[in-house]
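Dear colleague,

I am handing over the structure we discussed, with the sequence alongside. Please have it open while you read the notes that follow.

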Amino acid sequence: MSTHPIAERRRSRLPVFLTALLLALAVVGMNFVLWGVADRPTHVEPWQGQVAGFAFSAYQRYQSPFNNTHPSDQELERDLALLSRYTHRIRTYSSLESPSIPRLAQKYGLDVMAGAWLDGRLERNEQEMDALVAQARRWPDIKRVMVGNEVLLRNDLTPQQLMAYLDRARAAIRQPVSTAEPWHIWETYPELAQHVDFITVHLLPYWEGVPRKQAIDEALMRYRQLQQWFPDKHIVIGEIGWPSNGDRFEYARPSIADEAIFLREWLNVARNLGIDYYLMEAIDQPWKEALGNRRVEAYWGFFGADRQLKFPLAGPVLEDVNWPWKATAAALLAFLPMLWFALAFARFRLIGRFFFLVLIQLAAALVVWSATVPFFFYLDVVDWAMLVLLFPAQLAILAILLINGFEFVEVLWRKRWLRHFALLPPDDAATQPFVSIHLACCNEPPEMVIATLDSLAALDYHNYEVLVIDNNTKSDEVWKPVEAYCEKLGSRFRFFHLNPWPGFKAGALNYGLKETDPRAEVIAAIDADYVVRADWLSALTGYFHDRKVAVVQCPQAHRDFEHNAFRRMTNWESDGFFRIGMHHRNERNAIIQHGTMTMVRRNALEGTGGWSEWTICEDAELGLRLMHAGYDTVYVDEVMGRGLTPADFTAYKSQRYRWAFGAMQILKGRWGWMVHRSPLRAGQRFHFLTGWFSWFADALHLVFTLMALAWTAGMLAWPAVFSLPMQLFLIPVLGFFVAKTLFGIVLFRARVPCSWRETIMASIASMGLSHAIARGIWMGLIKKQGVFVRTAKSRRLAKKPSAFASVREELLMAAALLLAIGGMMLDYGGRYLEGQLWMIILAAQAIPYVSALIGAWVAHRSREQPEEAVQIDSPSPRGAAIGTGDAATVN
């Protein structure tokens with residue numbers, strides 16, 4: 001009995017679908033496990049009973065004394081009604097602000113320790129004292145009076161002034177009187193105790209920099225010290241607590257879980273020991289972030305600003321009780337992309353699919369976490385504006401990471417290349433397509449061009465011609481010998497001298513098109529410094545028998561680099577892209593065409609408009625244009641010719657700047673092709689859009705470095721205004737840097753046949769180009785026209801400039817970052833984790849600039865004996881310009 005073909009195909013796809021489904025479900029399960037492990041419950045003794053008292057500030061979420069917005073009586077009454085369910089005592093700080101509190105508190109059976117706020121404003125102090133005395137005489141629920149709060153700590157008044165206020169209050173009212181200060185103020189001014197009826201102390205272990213696990217013992221130790229110092233005075237702890245959010249202070253870390261554990265432990269300890277205390281504080285007060293610009297000040301409440309309990313008083317303690325919902329959201333966000341990837345790329349090995357699914361799930365989890373974490377903070381308009389800027393930047397970081405991860409997985413864990421092209425057997429002379437080889441040059445050393453011509457003359461191919469188009473060379477001594485040598489080589493070689501001629505290299509190549517032999521079917525472009533193999537044409541032109549093929553490309557490679565340290569590092573940096581990025585792009589017919597060792601179908605080239613003179617990267621633009629016209633490209637990873645590396649770091653930077661600038665010209669000019677309906681396939685759009693992401697990362701790196709320097713300067717000069725960035729924003733940035741570096745190094749080691757030393761030097765070369773790339777990106781986005789700057793490849797240079805003449809900007813940036821790190825070490829040291837992370841980020845931001853200095857130094861030390869500097873044309877964007885895996889791709 002025969003089987004229907006459709007049913008057979010469905011059955012054959014079923015194992016693939018089941019494998020993909022199981023992989024996605026396994027990763028989803030891991031997602032829940034990781035969320036759970038990150039928020040493991042802590043078991044603490046439960047609290048049952050009343051809290052002894054709360055320090056009470058009644059400002060609502062968006063109210064503040066700084067903008068003169070105060071709670072209404074209705075808002076006060078709601079808060080007091082809430083607190084009366086948990087305590088019978090409250091403490092206030094001012095008698096002028098919210099004077100109705102004693103009246104409303106009496107309604108709910110709350111005893112009040114009323115306060116008068118004292119500071120350096122003596123006239124206002126008198127008003128506070130008068131209001132305090134009047135209220136204490138009027139309201140029977142005022143059981144204690146507090147004259148001043150941390151007045152001596154702030155140095156607002158002298159001890160004598162404060163003691164005078166205390167004496168006045170004790171003489172005017174019947175209630176016991178005290179003032180509140182930290183323990184060390186009572187130790188410093190013991191005479192203060194003679195002017196109070198009881199000692200009120202603030203015990204806040206967080207501000208002692210004590211870890212939460214030691215905080216209770218710290219508080220009890222200070223409490224017992226006060227009992228020893230003042231045995232005849234009753235001790236009241238006016239403030240004790242732990243913050244739920246904000247910045248780490250030395251070894252003290254604020255968190256909801258730490259606050260819950262501290263308070264539940266304290267409540268039980270204090271009840272057992274009979275300690276008189278007021279928790280700091282009843283309700284979170286977001287306006288307090290403005291007090292010294294310390295974020296943590298807003299998060300001391302038993303209740304949040306929404307008037308909800310921040311943690312349970314019984315049962316296990318969790319930092320985030322909503323983690324199951326977040327884990328579910330992350331799973332739902334990632335599931336369909338994971339299932340699609342596992343199905344679409346079933347050809348990858350199982351470990352590769354699993355690895356990328358984990359990356360997708362981690363990215364989804366980070367998106368959920370980043371989108372929800374701001375709601376744990378009390379953010380103002382400026383904070384939200386910053387988040388609006390930072391969140392897209394974080395999405396871009398994740399996109400770059402996934403793009404690099406895709407390349408990593410495909411290159412390492414493919415079973416085979418789908419589009420693998422090898423050298424072909426030579427055609428016989430009768431079937432060989434006629435090839436017109438175009439060599440555009442300007443100010444090239446004649447001996448170098450002659451070496452290239454000799455290799456072309458030795459080609460094992462019958463049907464070809466060579467057109468040498470010299471454009472804008474001024475000196476007859478440079479171009480005349482080349483013209484004479486072409487005449488010597490015979491009629492197959494033709495020489496054209498154009499001066500003046502517009503359009504840079506593209507203009508010269510377009511002139512060559514007009515002079516091409518009518519028989520030519522293929523145009524081959526080559527740079528003036530390349531020496532080619534004899535079988536270059538014979539082993540590759542056979543691909544043009546397929547009418548859909550428009551481009552046949554071979555990798556760029558170099559010669560004479562082995563004994564020069566700088567040329568070695570640039571050679572291997574370049575080699576990485578052709579062994580990694582070009583293969584990755586070739587799988588989706590999306591290679592980058594570059595202007596040497598490339599062959600183009602003539603009618604496709606002419607039919608789509610020739611070489612574009614509006615961009616300084618005409619070769620990469622042509623490749624994209626041919627793909628848009630529906631043609632296929634072929635990448636043969638076989639070295640068929642070798643040229644020269646850039647002569648020095650100046651030339652190296654100039655070359656990469658040009659590629660970056662030209663890439664932006666192409667992006668702007670062909671944007672519609674990328675984002676609107678066009679003949680480009682999805683894979684081609686993907687590579688030509690995402691291929692720029694790594695270079696955009698360099699451009700953003702420059703911006704973020706300048707911002708980081710400005711922020712660091714602010715933290716050092718005005719620490720009350722500029723605070724340390726939050727840990728939650730720093731860790732993802734560091735994680736991205738580490739992951740991207742690891743991806744690059746692992747791929748490079750797997751694909752490029754060089755030593756670890758050469759790998760490191762290639763990495764330094766790649767990272768050292770970051771600043772040049774950033775400038776090229778920004779200038780390319782801003783400016784319309786660029787100048788085609790040729791890349792110097794002379795073997796000998798006329799003069800030997802300063803080692804760092806080519807990297808002055810990088811030197812300035814590196815020095816600024818190192819100074820910033822030094823300043824942070826002096827001012828912050830290792831007290832804060834956020835400070836340590838910030839210094840690590842500054843160090844990471846310095847790596848590209850330091851790499852540029854190393855590259856320039858290596859180039860300077862590797863220079864050969866002086867000789868006339870000559871400019872040699874260089875090809876435009878390799879994958880570095882418009883592709884992932886910028887050469888070594890370890891930056």
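How many bridges join strand 14 to strand 16, and do these strands run parallel or antiparallel? Four bridges join strand 14, which spans residues 549-553, to strand 16, and the two strands run parallel. Please keep in mind throughout that this is a predicted model.

The sheet

In strand 16, Thr 633 is the bridge partner of Val 551. Both strands belong to an open sheet of seven strands, whose order is 11-10-9-12-15-14-16 and whose pairing is mixed. The edges are formed by strand 11 (493-498) and strand 16 (632-635), each of which pairs on one side only. On average, and with direction ignored, neighbouring strands of this sheet are turned by 20° against each other. Helix 14 (residues 476-489) lies across strand 10 (464-471) and strand 11, and runs at about 155° to strand 11.

Two places beside these elements deserve a look at the backbone. In the loop between strand 10 and helix 14 we find Asn 472, whose phi is near 70°, a positive value in a residue other than glycine; because its relative accessibility is 18%, under the 20% cut-off, Asn 472 counts as buried.

Around strand 7

Glu 239 is in strand 7 (residues 234-240), and with a relative accessibility of 5% this residue counts as buried. Its side chain is joined to that of Tyr 93 by a polar contact of 2.5 Å. Leaving aside residues up to four places away in sequence, Glu 239 touches a set of residues that includes Arg 91, Asn 149, Glu 150, His 202, Tyr 278 and Met 280. Met 280 is in turn joined to Glu 281 by a cis peptide bond, with omega about 0°, and Glu 281 is found in the loop between strand 8 (276-279) and helix 10 (323-344).

The loop between strand 7 and helix 9 (256-273) holds Glu 250, which has a positive phi of about 55° although it is not a glycine. Glu 250 counts as partly exposed, because its relative accessibility is 24%, a value that falls between the cut-offs of 20% and 50%.

Two helix pairs

Helix 20 (residues 649-669) packs against helix 26 (residues 770-782) at an angle of about 35°, with the axes 7 Å apart, and their crossing is right-handed. On the side of helix 20 the contact includes Tyr 657, Phe 661 and Met 664, while on the side of helix 26 it includes Ile 773, Gly 776 and Gly 780. By class, the residues of this contact divide into nine nonpolar, two polar and four charged.

For helix 23 (residues 693-717) and helix 27 (residues 808-827), the axes come within 10 Å and cross at roughly 35°, and here the crossing is left-handed. Among the residues that meet are Leu 702, Leu 706 and Leu 709 in helix 23, and Met 813, Ala 820 and Gly 823 in helix 27. The contact of helix 23 with helix 27 has ten nonpolar, three polar and one charged residues.

Notes: Residues are numbered from 1 along each chain as its sequence is written. This is a predicted model: local features need pLDDT of at least 70, side-chain atom pairs count only at pLDDT 80 or more; totals for chains, interfaces and linings use all residues. Side-chain values use heavy atoms; hydrogens and water are left out. Axes are lines fitted to C-alpha atoms, for helices over the stretch in contact, and angles run from 0 to 180 degrees between N-to-C directions. A crossing is left-handed if the near helix is turned anticlockwise from the far one by less than a right angle, and right-handed if clockwise. Contact means heavy atoms within 4.5 Å. Ala, Val, Leu, Ile, Met, Phe, Trp, Tyr, Cys and Pro count as nonpolar, Asp, Glu, Lys and Arg as charged, and the others, Gly among them, as polar. Two strands pair if DSSP finds at least two bridges between them. Buried means under 20% relative accessible area, exposed over 50%, partly exposed in between (1.4 Å probe, protein chains only). A polar contact is a pair of N or O atoms within 3.5 Å; within protein, one must be able to donate a hydrogen and the other to accept it, and residues adjacent in sequence count only if both atoms are side-chain atoms.
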